[in-house]
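Notebook open, structure loaded. I want to see what sits inside this one and what covers it.

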Amino acid sequence: MRDVFKWIRAYPLTALMILSCLVGGPYFGGQRIFEQYEAYAARIICEDVLASYTGQEQSARPLFEISSRNTEEEASKLAEEERKKGPFTKVDESYLDDALFIGDSRTDTLNLYAGWDHATYYVKTGTNIWAIMDEEVAPDPETGGNVSVDKALQKQQFGKIYIMLGVNELGTGTAETFYQQFKKVVERIRELQPEAVIFVESIIHVSASKDVEGSVINNKEINVRNEWLKKLADNETVFFLDANEVLDDDSGALKEEYTFDGVHLKADQLDAWKNFFMEHGVVREMK
């Protein structure tokens, strides 16, 4: 025993290390065993949770997926798809018996060649969204002359009103000022025609050959203004109709075979446009 004490006095640090291992070993070793058991138990719990999650319908998973792909562009595409579906239904030509078409020379092509003789047309070549309500293009049975669109809408009620203006406005103002004026016109028509279904029509594109001329009449600006026009639709009383869906070629320009000047449709090429109207009626339920 004396020899042991001598050795400890001679090698105190070594003795302390041996003592630490003898005393601390069971504690730290036991602690390690407990830590390993707890980690194992936690892993089992996690596996059970994941198993139950993957075995369910995972109703929360779509939220994950939407957040990962819900970019601004994706959201815009989804909104556009919903708009195209819309509340539209197929109708026949009798649907237009109480319809009014308001517009410029493009709409006048319908007036002259569509064969929709029971519809009413307030049209004028060269008119625009700033002038339309004051244009004296509406026949007045009382005087035998014409009155302004605004006055005519105070005298006769319509079931549907189609408005297509915008090509003559290209190069005038901005897309936003064009929209703001169009909004005022729609609001005025709604005030005068509270029961009518209002259709805001897109500005029809021009042909590729017209587009490359580089004038103010170009499809890039038409697209910008059409995006603004879409904002007018509430899909309850005002609806947006984009006939470019059936009139465009693969490049997004008016099909060359449909037009004689790059802007106006040919009289014998109206079928696609006419069918588009018939595919996009809005029928309200009777109260």
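This is a predicted model: local features need pLDDT of at least 70, side-chain atom pairs count only at pLDDT 80 or more; totals for chains, interfaces and linings use all residues.

I started with Leu254. Its relative accessibility comes out at 0%, and since buried means under 20%, Leu254 counts as buried.

Where is Leu254 in the fold? I looked it up: it belongs to the loop that links α10 (244-247) and α11 (271-279).

Next I listed what Leu254 touches, skipping residues up to four places away in sequence. One stretch of the list reads Ile204, His205, Val206, Ser207 and Ala208.

Zoomed out for the chain totals. I get 11 helices and seven strands. Of the 287 residues, 38% are buried. The accessible surface is about 17,500 Å², and carbon and sulfur atoms own 54% of that. For contacts with a separation of 6 or more, 67% join residues 24 or more positions apart.

Then the cores. The largest nonpolar core has 36 residues, and the members that touch the most others are Tyr122, Leu153, Ile161, Phe182 and Ile189. At least two residues come from each of β1, α6, β5, α7, β6, α9 and β7. Which element gives the most to this core? My note says α7, with seven residues. Apart from this core lies another, of 30 residues, and Leu254 is in there, as are Ala119, Ile204 and Tyr258.

Ile161 touches Leu100, Ile102, Leu153, Ile189, Gln193, Ala196, Val197, Ile198 and Phe199.

Last stop, α7. Helix α7 runs over residues 175-192, and its 18 residues should span 26 Å at 1.5 Å a residue; the end C-alpha atoms are 26 Å apart, so the two agree. Its buried residues are Ala175, Phe178, Tyr179, Gln181, Phe182, Val185, Val186, Ile189 and Leu192. They cover an arc of only 165° around the axis, so they lie on the same side of α7.

What covers the buried residues of α7? I found β1 (99-103), α6 (149-155), β5 (160-164), β6 (197-201), α9 (219-230) and β7 (238-241) among the cover.

How values were computed
Residues are numbered from 1 along each chain as its sequence is written. Side-chain values use heavy atoms; hydrogens and water are left out. Helices (H or I, at least four residues) and strands (E, at least two) are DSSP runs, numbered from the N terminus. Buried means under 20% relative accessible area, exposed over 50%, partly exposed in between (1.4 Å probe, protein chains only). Contact means heavy atoms within 4.5 Å. Accessible areas come from the Shrake-Rupley method with a 1.4 Å probe; for residues, only the protein chains shown count as cover. The expected span of a helix is 1.5 Å times one less than its number of residues. The arc is that of the directions from the helix axis to the C-beta atoms. A nonpolar core is a set of buried Ala, Val, Leu, Ile, Met, Phe, Trp, Tyr and Cys residues joined through side-chain atoms within 4.5 Å.
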